[in-house]
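Thanks for taking a look at this one with me. Here are my notes, in the form of numbered points to read alongside the model.

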Amino acid sequence: MFTRYDEVAAVLRDPNCSAARAGAWVNVVGSDARQEFRALKGVLARTMVFADGRRHRRLRQVVAHGFRRAALEAMLPSIRTAVEDGITALLAAEARDGEADFMAQFARPLPVRMIAGMLGVPFEDALGLVASSDAIARFIGEPAPSVAAARAAEGGAQELTAYFERMLHTAGRHRTQSDGGGGLLATLVDAHAAGRLSTRELIVQGAMLLFAGHETTRNLLGNGIQALLSHPEEWRRLAESPARIRAAVFEVLRHDSPVQYTGRRVIRDCTVAGRRLRRGDLVIAHLAAANRDPEKFPDPDVFRVDRRGEATPLSFGWGPHVCIGAELSVLEAWIAFTQLRRRLPGLMRIEDAPMRIDNAVYRGLARLPVRCGAPADDTTEISGNACPV
Ligand code: HEM
């Protein structure tokens, strides 16, 4: 396990440390794993996260189209609307129950809505698939996955792939009829038609994006509001400038990394960051520990928005697999924190230590009870020029 910043970055860019580790990982569950968990292994192994070299570059290139700067800027209005709807949902829950749950009313639905919009699938469908995706996240988050966790994840993988198989037929038809629109799925269908993606790869990229798009961002939103509300001075000062909000997003990512660690399999004997590694070794690159390396971040345990000239947190990974959705999630959090601060300046936590999810990889809150305070009537447009992407 590597925990220092430079070591973690070295592992993540070393070609001897392969990302193609899905099969061996699922097989650890038991000798019947090869047969019993075929859908799960198929999904994991065909995503770009678990691919190396040329295959990885090919998959990444196809998907990257949806994350171009222009595509993200075009999402600004829908992110603002989704954030406003989240605020309305918080107020409604408080009016009904006397308190709201920031995770249920705001942090969970927002990223699902965004990734559904980006893919071009109905929001309600995507919301209905969250339980399947959560089952896979629980499997990934168990250091030694149990058979029960693997079975639940296998069911989740089957549901996700069956859904995207159906959707892709629709997206394909839509594309042929109107030659336009249809979101990222339609782009993937085009890449398939051009022979750049196999049918299975096509289905799996859709499922993977839905998973990756919300399992992480919701924790950035929840961890962020939890951190900011426990530092009321910071919460007050957020109103000062868009740059301060962007800095707050990165400090949340550093201090409370939504993804704690990732893994690699060593494919040939080598030395990485001064340590001898043997072929077959499993390496853990501990992103959250690297983010608290005192050589890079003075007073690493202190949450401080005004850090200047320090290293980039490794929360989105590093090297060839660095997160493709990083800018999207920063944008979501930036708009969310901006609008929440303006519209609900009196937002406050009810519990000092809200319950966390039980997961070693994904760090987030199970619930975050809040009171909204009196809503402010601030409808100032967030300037496109201030957009942090
Ligand atoms: C706070 C939010 C997010 C965090 C902390 C996060 C974290 C990460 C990390 C650590 C990796 C690298 C994994 C590795 O090297 O093994 C990664 C890769 C990836 N992420 Fe994210 N992610 C976030 C949001 C998103 C979003 C919104 C999307 C898509 C809509 C996304 C899609 C992906 C994809 C496709 C990869 C694989 C890239 C590759 O293998 O080339 N992520 N993410």
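1. In which order do the strands of the open sheet with S2, S8 and S7 run? The order is S2-S8-S7, an open sheet of 3 strands with antiparallel pairing; strands count as paired if DSSP finds at least two bridges between them. Strands (E, at least two residues) and helices (H or I, at least four) are DSSP runs numbered from the N terminus.

2. Before going further, a word on the basis. This is a predicted model, in which local features need pLDDT of at least 70 and side-chain atom pairs count only at pLDDT 80 or more, while totals for chains, interfaces and linings use all residues. Residues are numbered from 1 along each chain as its sequence is written, and side-chain values use heavy atoms, with hydrogens and water left out.

3. Back to that sheet: strand S2 (100-101) and strand S7 (348-349) are at its edges with a single partner strand each, so one side of each has no neighbour in the sheet. S2 is joined to strand S8 (residues 369-371) by 2 bridges, and the two run antiparallel. Asp-101 has Pro-369 as its bridge partner in S8.

4. There is also an open sheet of 3 strands in the order S1-S3-S6, again with antiparallel pairing. Its edge strands, each pairing on one side only, are strand S1 (17-18) and strand S6 (282-285). Between S3 and S6 there are 4 bridges, and Arg-264 stands opposite Val-283 in S6.

5. Now the ligand. The shell around it has 26 residues, of which His-56, Arg-60, Thr-262, His-321 and Cys-323 come nearest; a residue is near if one of its heavy atoms lies within 4 Å. Helix H5 (53-64), helix H13 (199-215), helix H14 (217-229) and strand S3 (262-266) each supply at least two shell residues, and H13 gives the largest share, 3 residues.

6. Ligand oxygen atoms are 2.6 Å from a side-chain N or O atom of His-56, 2.6 Å from a polar side-chain atom of Arg-60 and 2.7 Å from a side-chain N or O atom of Arg-264.

7. What is the only protein donor of the ligand's iron atom? The donor is Cys-323, through SG at 2.3 Å; donors are N, O and S atoms within 2.8 Å of the metal (3.2 Å for Na, K and Ca), and with water not among the atoms, sites may look incomplete. Cys-323 is in the loop between helix H17 (287-290) and helix H18 (326-343).

Key:
A polar contact is a pair of N or O atoms within 3.5 Å; within protein, one must be able to donate a hydrogen and the other to accept it, and residues adjacent in sequence count only if both atoms are side-chain atoms.
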